[in-house]
Amino acid sequence: KNGKEMGLLSVELLGENDWPVVKAQGLTVAVANGPSGIVDGWNKPADHDKLVKESERLIPLVAAAGIPNMIVFSGNRRSISDAEGLDNCAKGVKRIMALAEQQNVNVIMELLNSKVDHKDYQCDHTAWGVELVKRVGSPRFKLLYDIYHMQIMEGDVIRTIRNNKDYLAHFHTGGVPGRHELDATQELNWAAVCTAIADLIFQGYVAHEFVPTRDPLTSLREAVALCDV
């Protein structure tokens with residue numbers, strides 16, 4: 001209710017039991033939870049059958065609920081090389097893309113940092129993720145570019161977004177360092193970042209995913225205003 005009042009269009013990263021709660025307020029769920037958590041993802045072939053089965057169950061439900069995106073993760077490396085991880089992820093994800101295309105659902109893999117928050121996570125650089133999108137070769141498979149995570153891993157956020165716009169379907173925010181409010185204590189110019197995204201005529205969602213240090217709704221209202229460019 002508060003989100004709708006402050007102009008949000010979506011509350012995301014929810015499972016199927018929570019979708020009706022958001023929709024009852026006239027909001028969208030921009031991203032549905034996918035078939036796995038962060039640690040165990042598509043880079044492990046032994047898990048592919050399980051992930052495919054759950055994806056095949058979820059994707060029609062996501063489509064029927066009018067949700068545009070379903071999130072997936074590479075999984076942790078666990079000594080898997082980046083080259084092998086790419087091959088494994090591509091082989092696994094390809095198995096669900098015909099259904100995703102048929103149902104008009106985007107499957108989006110999130111870029112996360114492996115330096116601070118998600119040690120050993122494999123999809124931790126934009127170039128690796130973009131190469132995976134190319135290998136999967138489906139217009140329905142793209143990346144979730146988390147600005148917080150990629151500022152930690154590689155910086156050069158605005159140039160990276162501009163150069164890879166065709167591979168990015170969704171954005172997350174979060175103040176660096178600390179993943180807190182998008183305010184003057186943080187190192188990114190959020191108005192500039194959001195202006196760069198808007199200038200691309202981006203038609204998706206930019207979602208706030210930070211951990212507030214004070215009243216959450218006050219912090220969220222400020223973030224919404226700051227990023228409304």
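Here are a few friendly notes on this predicted model, covering its core, one of its helices and a pair of cysteines.

1. Let's start with the nonpolar core. The largest one has 64 residues, and those with the most contacts inside it are Trp-42, Met-109, Leu-132, Phe-141, Tyr-145 and Ile-147. Helix H4, residues 82-103, gives the most to this core, contributing seven residues.

2. Ile-147 is worth a look on your screen. Beyond its neighbours within four places in sequence, Ile-147 is in contact with Val-157, Phe-171, His-172, Leu-188, Trp-190, Val-193 and Ile-197.

3. Now for H4 itself. Its 22 residues reach 30 Å from first C-alpha to last, close to the 32 Å expected at 1.5 Å a residue. H4 also carries a kink of about 40°, centred on Ile-96. After the helix comes Asn-104, which has a positive phi, near 60°.

4. What does H4 pack against? Its buried residues, among them Gly-85, Leu-86, Val-93, Ile-96 and Met-97, pack against helices H3 (48-64) and H5 (126-136), and against strands S2 (69-72), S3 (106-110) and S4 (141-146).

5. The structure as a whole holds zero disulfides.

Conventions. Residues are numbered from 1 along each chain as its sequence is written. This is a predicted model: local features need pLDDT of at least 70, side-chain atom pairs count only at pLDDT 80 or more; totals for chains, interfaces and linings use all residues. Side-chain values use heavy atoms; hydrogens and water are left out. A nonpolar core is a set of buried Ala, Val, Leu, Ile, Met, Phe, Trp, Tyr and Cys residues joined through side-chain atoms within 4.5 Å. Buried means under 20% relative accessible area, exposed over 50%, partly exposed in between (1.4 Å probe, protein chains only). Helices (H or I, at least four residues) and strands (E, at least two) are DSSP runs, numbered from the N terminus. Contact means heavy atoms within 4.5 Å. A disulfide is a pair of cysteine sulfur atoms within 2.5 Å. The expected span of a helix is 1.5 Å times one less than its number of residues. The bend at a residue is the angle between axes fitted to the seven residues ending there and the seven starting there.
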